[in-house]
Amino acid sequence: MGGKKHRGLALLAAAGGLTLLLGRTDRLTTVTYPVKTGKLTGPLRLALVTDLHSCQYGKNQQELLDAIARQAPDALLLGGDILDDHLPRAPGEQFVTQAAQRWPTFYVTGNHEFRTGEIDSIKRFLTQTGVTVLAGDCVPFSAKGQTIQLCGADDPEGVGQAAMNAQLAQGAAAVDRELCTVLLAHRPEFINLYRSYPFDLILSGHAHGGQWRIPGLINGLLAPGQGLFPDYAGGRYEFENCTFLVSRGLARETTRVPRLFNPPELVIIALT
């Protein structure tokens, strides 16, 4: 009897080890979402980078920069937690500095930037680097003869729920409904609030893909702010008035739980 139990435990351990071996990957992937708005006469491409957490992608961040360049985006959107409160700021700042020299770049805060206690310094750095920081703003962006609007709000962990709500309302008040309007907001769990405003496309991160996935069965196991089996771990979600895209993010070294069947991702949005 004891032998059967030990064999069973050994098989269970072997199955667990095989799952870790097959499922764990830190390889960067690129995911493209076509989004038809009906408000453009030609295509635009947006790159979304979230939850980098100051992780390193090749020497001088070249792996990530090259992956973005291959997609030829018209603009780069940074969806928060580009920097981390435990890892040095330098790798994240290195990425932003180089990226902002190559693409028009727009940013909203994540909770971890606020946790550094250096948010004013971070925003100064971003502004001086040429990044547009969105905090209650809704700004026009034009490329290839097309104009869209980019809106954003601060993460509520840093400014409070009331301030985030006020920023969303402020941005929505400036929306021209004739134009495609994109909201950049770090946390997906507030989607019902976001979609109460006239945004055509809403982009978030924060959930890290739910850390563990079983493709076709479980989209994510656990996400901050959503708990077990989160509704919005990562992927595409359609609502009557908008499209919602949640990036699985780029965090690697900072994840306490290893990513399983959930590779870090660069998100590309093909707008038409």
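Reply: Happy to! Bear in mind that this is a predicted model. Let's start with α2 and α3, which are roughly parallel to each other, because the angle between them is about 25 degrees and angles under 35 degrees count as roughly parallel. Their axes lie 10 Å apart, and the crossing is right-handed.

Which residues make the contact? From α2 come Gln 62, Leu 64, Leu 65, Ile 68 and Ala 69, and they meet Phe 95, Gln 98, Ala 99 and Arg 102 of α3. By type, six of these contact residues are nonpolar, two are polar and one is charged.

Now let's step out to the surroundings. The largest nonpolar core has 28 residues, and Ile 68 and Phe 95 are among the four that touch the most other members, together with Val 49 and Leu 76. Both α2 (62–70) and α3 (90–102) supply at least two residues of this core, as do β2 (44–49), β3 (75–78), α5 (119–129) and β14 (265–271).

Leaving aside residues up to four places away in sequence, Leu 76 touches Ala 47, Val 49, Ile 68, Phe 95, Ala 99, Trp 103, Pro 104, Thr 105 and Phe 106. There is also a second, separate core of 24 residues, including Val 35, Leu 44, Leu 46 and Leu 203.

One last stop is the loop between β2 and α2, where you will find Ser 54. Ser 54 is buried, with a relative accessible area of 4%. Among the residues Ser 54 touches, beyond those up to four places away in sequence, are Ile 82, Asp 84, Leu 87, Pro 91 and Gly 92.

Key
Residues numbered from 1 in each chain as written. Predicted model: local features only at pLDDT ≥ 70, side-chain atom pairs only at ≥ 80, totals over all residues. Heavy atoms only, no water. Core = buried A, V, L, I, M, F, W, Y, C linked by side-chain atoms within 4.5 Å. Buried < 20%, exposed > 50% of the residue type's maximum accessible area, 1.4 Å probe, protein only. Helix = DSSP H or I, 4+ residues; strand = E, 2+ residues; numbered from the N terminus. Contact = heavy atoms within 4.5 Å. Axes fitted to C-alpha atoms, helices over the stretch in contact; angles between N-to-C directions. Parallel < 35°, antiparallel > 145°, perpendicular 65-115°, else oblique. Left-handed = near helix turned anticlockwise from the far one by under 90°. Nonpolar A, V, L, I, M, F, W, Y, C, P; charged D, E, K, R; others polar.
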